[in-house]
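Student: I'd like to learn how to read salt bridges, pockets and strands in a structure. Could we go through them together?

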Amino acid sequence: MAGSRAERIDGPLRRVSRLCAAMLFLVLGHITLVQAFGSQTLNADRRNERRLITRFDHQRGDILTYDGTPIATSRPTGGGPYLYRRVYPDGEVYAAVTGHMSLHRSTGIEQARDAVLSGEDPKVKVRSLVRDGEVEGADVRLTIRDRVQRAAYEALRATGLAGAVVAIDPATGAVLALASYPSYDPNALTTFDAEQLAETSERLARDPSQPLLNRALNQLYPPGSTFKLVTAAAALASGEYTPSALVDAPTRLRLPGTRTVLRNAGGLGCGDARPTLTYAFQVSCNTAFANIGLQLGQDLLRDQAEAFGFNAPDLAIPLVATASRYPRTMDRPQTALSAIGHHDSRVTPLMVAMLSAAVADSGVLMRPYLVAEVRLPDGSVVDRADPAVYRTALSPAVAKDLATMMTAVPRPGSSGGSPFVPEAARTADSKVAPGIDDHALITAFAPADAPEVAVGVVLERPGSRADAVSAIVHQVILAALE
């Protein structure tokens with residue numbers, strides 16, 4: 001009787017213990033799965049307060065100009081769960097470069113070089129731990145020159161027009177200035193007040209002037225007359241043209257198979273009915289370059305455009321630049337229009353600067369880059385830029401001819417002006433291409449005999465102030481050459 005009573009008691013206990021053991025096993029297994037496979041998801045969850053506190057519990061590295069000016073730094077908050085707050089001393093001037101780091105997201109260099117700035121990059125983390133046992137962020141020194149960047153931004157702001165400026169060292173690809181206007185103050189997005197942050201973010205996102213848009217890298221524009229540089233390059237490379245070759249330049253050109261008539265700016269002629277290629281380029285003659293496009297055909301034009309970087313994958317400098325594009329297929333009228341920068345071709349201001357950079361460096365286009373070096377707080381360098389060739393856009397002979405054509409002085413009374421400023425002391429008119437969006441563009445390099453800077457400028461819908469692009473490029477070149 002006693003044995004059977006014990007069995008009746010022990011039986012349920014054994015079942016309960018087995019159930020508890022199974023449940024414990026499941027719990028431990030779930031914890032293991034979460035830790036092994038779900039940690040990244042949990043860490044990335046915006047509701048994870050621990051992740052946010054960790055993100056702001058140590059000093060992040062500074063972002064510096066090439067001159068050593070801090071344009072993004074961390075300052076103590078004086079208390080609370082977040083120990084450091086990001087500060088941007090010249091917020092609007094550099095916003096297109098630095099971006100911002102807020103509670104839940106980051107943009108610009110803050111995002112592109114987050115690993116080294118936060119100290120999580122293995123090269124940075126190991127060396128900082130070995131040195132003092134604490135993780136420290138590394139400083140990121142940019143290629144941006146403070147003087148050039150300020151000249152670019154202030155010149156844009158003075159017009160009151162939306163636009164962008166990019167300046168490049170053609171010999172290395174180092175970006176000397178990258179400005180976009182209208183801009184925004186990144187400091188407004190570094191608050192730890194979640195409600196205030198949401199209101200500011202929404203206000204900026206809804207602003208019709210699009211201050212958060214990096215026009216220098218991510219806005220596409222019709223290239224207008226700046227594309228005639230590509231067409232001229234294709235013509236010279238074909239072997240069928242020389243700078244002194246005569247080209248057909250009627251006052252009016254009927255596009256093949258259509259009733260559309262193409263005219264030059266102001267409806268005027270290009271001097272002679274058969275000017276030289278150099279003169280047609282110099283006065284930005286639409287009918288001459290449309291005829292050249294028809295003669296060369298879409299394939300040669302596309303090949304030359306792609307040699308400059310059109311239709312290439314998005315370019316990371318390390319900020320991602322939207323790819324400029326040239327149409328894949330066209331009929332003959334569209335080919336004629338594309339040769340003068342009309343139809344569906346689109347460029348970023350970065351590409352506008354790259355056009356001149358390739359000519360200035362004997363046809364070699366260096367890969368644009370923004371980060372010069374990464375440096376630890378003790379001064380040791382853990383990463384340094386290594387300039388590299390991006391593309392060979394032109395032969396040296398073609399580049400030399402183009403450079404000469406770009407420095408030609410328009411004759412008095414000509415129907416237009418070259419859209420290029422060859423050196424700091426000279427200005428030129430820019431053309432707003434008819435029949436497309438009203439934007440003014442200019443591409444330039446200087447000095448003409450030993451180029452040190454290539455510049456691209458775009459102004460949106462300038463109306464009667466289209467010539468402002470010449471003044472902007474002049475100021476940027478002066479700042480770069482000082």
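Student: Is Arg-206 buried or exposed?

Tutor: This is a predicted model, so the values we discuss are computed from predicted coordinates. Exposure is read from relative accessible area, where exposed means over 50% and buried under 20%. Arg-206 has 65% relative accessibility and therefore counts as exposed.

Student: Which residue does Arg-206 meet in a salt bridge?

Tutor: Its side chain meets that of Glu-202, at 2.7 Å from N to O. Glu-202 has 39% relative accessibility, so this residue counts as partly exposed. Both residues lie in helix H9 (residues 194-206), four residues apart, about one turn of the helix.

Student: How many salt bridges does a search of the whole structure find?

Tutor: The search finds 16. Take Asp-248 and Arg-274, whose side chains meet at 2.6 Å, N to O. Asp-248 is in the loop between helix H11 (228-238) and strand E7 (252-254), while Arg-274 is in the loop between strand E8 (261-263) and helix H12 (277-282), so the pair ties together parts that are 26 residues apart in sequence. Asp-248 is partly exposed, with a relative accessible area of 42%, and Arg-274 counts as partly exposed at 42% relative accessibility.

Student: What does Glu-306 form with Arg-328?

Tutor: They form a salt bridge, with the closest N and O atoms 3.1 Å apart. Here Glu-306 belongs to helix H14 (residues 298-308) and Arg-328 to the loop between strand E10 (320-321) and helix H15 (332-338), so parts 22 residues apart in sequence are tied together. Glu-306 counts as partly exposed at 22% relative accessibility, whereas Arg-328, at 54%, counts as exposed. Salt bridges can also share partners: Arg-60, Arg-86, Glu-110 and Asp-114 are joined into one network that way.

Student: Let's turn to pockets. Which residues lie nearest the centre of the second largest pocket?

Tutor: They are Arg-55, Arg-60, Asp-114, Ser-118 and Glu-120, out of eleven lining residues. Two of these names, Arg-60 and Asp-114, also belong to the salt-bridge network. Helix H3 (49-55) and helix H6 (114-118) each give two or more residues to this lining. By class, the lining has one nonpolar, five polar and five charged residues, and the pocket volume is about 330 Å³.

Student: What classes of residue line the largest pocket?

Tutor: Its lining has twelve nonpolar, ten polar and one charged residues. The volume is about 390 Å³. Of the 23 lining residues, Ala-96, Thr-107, Gly-108, Leu-212 and Asn-214 lie nearest the centre. Helix H5 gives the most to the lining, with three residues; helix H4 (91-98) and helix H10 (215-218) each supply at least two.

Student: Where does a positive phi occur in the hairpin of E12 and E13?

Tutor: Look at Gly-379, whose phi is near 95°; the hairpin has five residues between its strands.

Conventions: Residues numbered from 1 in each chain as written. Predicted model: local features only at pLDDT ≥ 70, side-chain atom pairs only at ≥ 80, totals over all residues. Heavy atoms only, no water. Pairing = 2+ DSSP bridges. 1 Å grid on protein atoms, 1.4 Å probe; cavity = no way out; pocket = protein on both sides within 12 Å on 5 of 7 lines; lining within 4 Å. Points joined across faces, edges and corners; volume = space filled by probe spheres on them. Nonpolar A, V, L, I, M, F, W, Y, C, P; charged D, E, K, R; others polar. Salt bridge = Lys/Arg side-chain N within 4 Å of Asp/Glu carboxyl O. Buried < 20%, exposed > 50% of the residue type's maximum accessible area, 1.4 Å probe, protein only.
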